[in-house]
Amino acid sequence: MNIVLVGYMGSGKSSVAYQLSYRLQTPYIDSDKQIEREQHKTISAIFAESGEQAFRDMETAYLRRLTEQKGRFILSTGGGMPVREENRALLKQIGKVIYLKTDAETIYERLKEDTTRPLLQCEDPSGRIRDMLSVRDPIYEDAADYVVATTGQSVQEIVAKIVDLMEDDV
């Protein structure tokens with residue numbers, strides 16, 4: 001069974017996917033990195049040159065291709081991927097969806113120096129995080145088969161919780 005990690009940027013999806021991949025001996029895919037490879041440019045450049053809508057279209061197209069992919073894998077998604085209803089349906093087709101739920105303060109602390117996040121390049125990134133989380137949290141919850149609270153948890157603790165959930169699900 002594939003595992004799909006969703007959550008706001010900075011929630012630890014990539015770190016957890018990497019460790020989960022090691023623990024379960026299963027390859028992992030980072031959707032943002034795959035899109036960057038395919039487009040030969042960074043997400044920031046895609047946003048700047050083509051806009052957010054074009055990037056979201058690329059995400060949907062990528063998910064459609066993943067529904068055809070054979071073999072087990074762990075997917076780490078971009079933070080906005082589940083916003084589209086079509087994407088939420090595709091994510092559920094791909095595997096068990098786990099929402100890594102992280103509070104706004106933790107996210108801000110993790111991302112305050114990160115200039116590669118186009119949606120946070122604004123005057124009040126902390127406020128933007130809070131506003132976006134208030135909108136996205138119910139969307140992530142809707143997309144998820146499971147919710148794992150990550151605030152105050154180490155990557156290893158989060159991985160252990162996910163492994164337990166997957167074992168209980170079999």
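Author: Ala104, Ile107 and Tyr108 of α6 meet Pro125, Ser126, Ile129, Arg130 and Leu133 of α7, where contact means heavy atoms within 4.5 Å. The model is a predicted one, in which local features need pLDDT of at least 70 and side-chain atom pairs count only at pLDDT 80 or more, while totals for chains, interfaces and linings use all residues. Residues are numbered from 1 along each chain as its sequence is written, and side-chain values use heavy atoms, with hydrogens and water left out.

By class, the residues that join α6 and α7 divide into six nonpolar, one polar and one charged (Ala, Val, Leu, Ile, Met, Phe, Trp, Tyr, Cys and Pro count as nonpolar, Asp, Glu, Lys and Arg as charged, the others, Gly among them, as polar). Helix α6, residues 104-111, packs against α7 at an angle of about 135 degrees, and their axes are 9 Å apart. That angle makes α6 oblique to α7 (under 35 degrees is roughly parallel, over 145 roughly antiparallel, 65 to 115 roughly perpendicular, the rest oblique).

Helix α7, residues 125-143, also belongs to what covers the buried residues of α5, a covering that includes β1 (3-6), α4, β3 (74-76) and β4 (96-101) as well. The buried residues of α5 are Asn87, Arg88, Leu90, Leu91 and Ile94 (buried means under 20% relative accessible area, exposed over 50%, partly exposed in between, with a 1.4 Å probe and protein chains only). Seen down the axis of α5, these buried residues fall within an arc of 165 degrees, so they line one face of the helix. Glu85 and Gln93, on the other side of α5, are exposed.

The axes of α4, residues 52-66, and α5, residues 85-94, come within 9 Å of each other and cross at roughly 25 degrees. That makes α4 roughly parallel to α5. From α4, the contact is made by Thr60, Leu63, Arg64 and Leu66, and from α5 by Glu86, Asn87, Leu90, Leu91 and Ile94. Sorted by class, this contact of α4 with α5 has five nonpolar, two polar and two charged residues.

Beyond α4, in the loop between α4 and β3, comes Thr67, which touches Leu90, Gln93 and Ile94 when residues up to four places away in sequence are not counted. At 29% relative accessibility, Thr67 counts as partly exposed. The C-alpha atoms of Thr67 and Leu120, which are 53 residues apart along the chain, are separated by 30 Å.

Helix α4 has a further partner in α3, residues 43-50: the axes of α3 and α4 come within 7 Å and cross at roughly 125 degrees. That makes α3 oblique to α4. Here Ile43, Ile46, Phe47 and Ser50 of α3 meet Glu52, Ala54, Phe55, Arg56 and Met58 of α4, and by class this contact has six nonpolar, one polar and two charged residues.

The loop between α2 (31-39) and α3 holds His40, which has a positive phi of about 60 degrees although it is not a glycine. With a relative accessibility of 72%, His40 counts as exposed. Gln25, in the loop between α1 (13-24) and β2 (28-30), is likewise not a glycine, yet has a positive phi of about 55 degrees. At 63% relative accessibility, Gln25 counts as exposed.

Conventions
Axes are lines fitted to C-alpha atoms, for helices over the stretch in contact, and angles run from 0 to 180 degrees between N-to-C directions. Helices (H or I, at least four residues) and strands (E, at least two) are DSSP runs, numbered from the N terminus. The arc is that of the directions from the helix axis to the C-beta atoms.
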